[in-house]
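The following exercises concern one protein chain. Please work through each task before reading its solution.

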Amino acid sequence: MIWLRYAYVALALFFATVILSPLQSLALWRGWRLARKMPRYWHMVACFVLGIRIHVHGEIETQRPLMLSANHTSWLDIIVLGRVADVAFIAKSEVRSWPIFGLFARLQNSVFIERADKRGTGRQINSIAERLAAGEIIILFPEGTTSDGNRLLPLKYSLFGAASSAVPFSPDGTVHVQPVAVAYTGIQGMPMGRFKRSVVSWPGDVEMLPSLAGVIRARALDVDVCFGESVTFEAGTKRKQAAAEVEERMRTLLAERLSGR
């Protein structure tokens, strides 16, 4: 029977991609605002067929420019957060060439960062800043890698440079960075626990297909998405200090949700 479920998920995502990707490509080419909303429909289908139930706590910040700072456990984070809001992601440049997921990242209009290109860092940060100032919600995974889902890894504060750089582009001279915790808390209607969380976590030594197969076999997953109080970046804001505050709020949100509080 598991093969029937594999086939069901594959066919559903295939048809969703075939139907939506040409529309999204056209919207990106024409510069339509629809391009920000279209990926959300694909993520909606993906969450449904994978059995992902999302529980949202708190509200997304209404003020703009807005960057969301989220913990990173798995490729599932993309689907979950893409289902919750109309967002674009910051991704490492290697993702662009990945099979399937590279296509999805391009259609999502992700911002690709060339980490080895030190000379181009300023240009890349300015590109993110301009998109923030244009009203797009950009998601940053400041851990820089995936964790086991049971804790928050130390954040790379340099990645918050995009928020600081967007301040001059902001109409009111402020950029809002909102901490977000994505916690995987349930599997098949039961509490997940730290040992079961390996079903969804995606550390660097796990291939994509085995990870996807594990999620499909799980059939039902509960995910809590928690929005915290945003931190404001202004012209005089010290980046490290503000980033440390974002980190502390992320750590608290994740710990509270994983402990069931």
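**Exercise 1.** Determine how much of residues 6-29 is helix and how far apart the end C-alpha atoms are.

*Solution.* Step 1: residues 6-29 are 100% helix and 0% strand, where helices (H or I, at least four residues) and strands (E, at least two) are DSSP runs, numbered from the N terminus. Step 2: the end C-alpha atoms lie 33 Å apart. Step 3: the unreviewed UniProt entry lists residues 6-29 as "transmembrane region".

The model is predicted: local features need pLDDT of at least 70, side-chain atom pairs count only at pLDDT 80 or more, and totals for chains, interfaces and linings use all residues. Residues are numbered from 1 along each chain as its sequence is written, and side-chain values use heavy atoms, without hydrogens and water.

**Exercise 2.** Classify Leu11 as buried, partly exposed or exposed.

*Solution.* Step 1: Leu11 belongs to helix α1 (residues 2-30). Step 2: buried means under 20% relative accessible area, exposed over 50%, and partly exposed in between (1.4 Å probe, protein chains only). Step 3: Leu11 is partly exposed because its relative accessibility is 48%.

Technical notes: UniProt positions are given in the numbering used here, feature names are shortened, and annotations may be inferred rather than shown by experiment.
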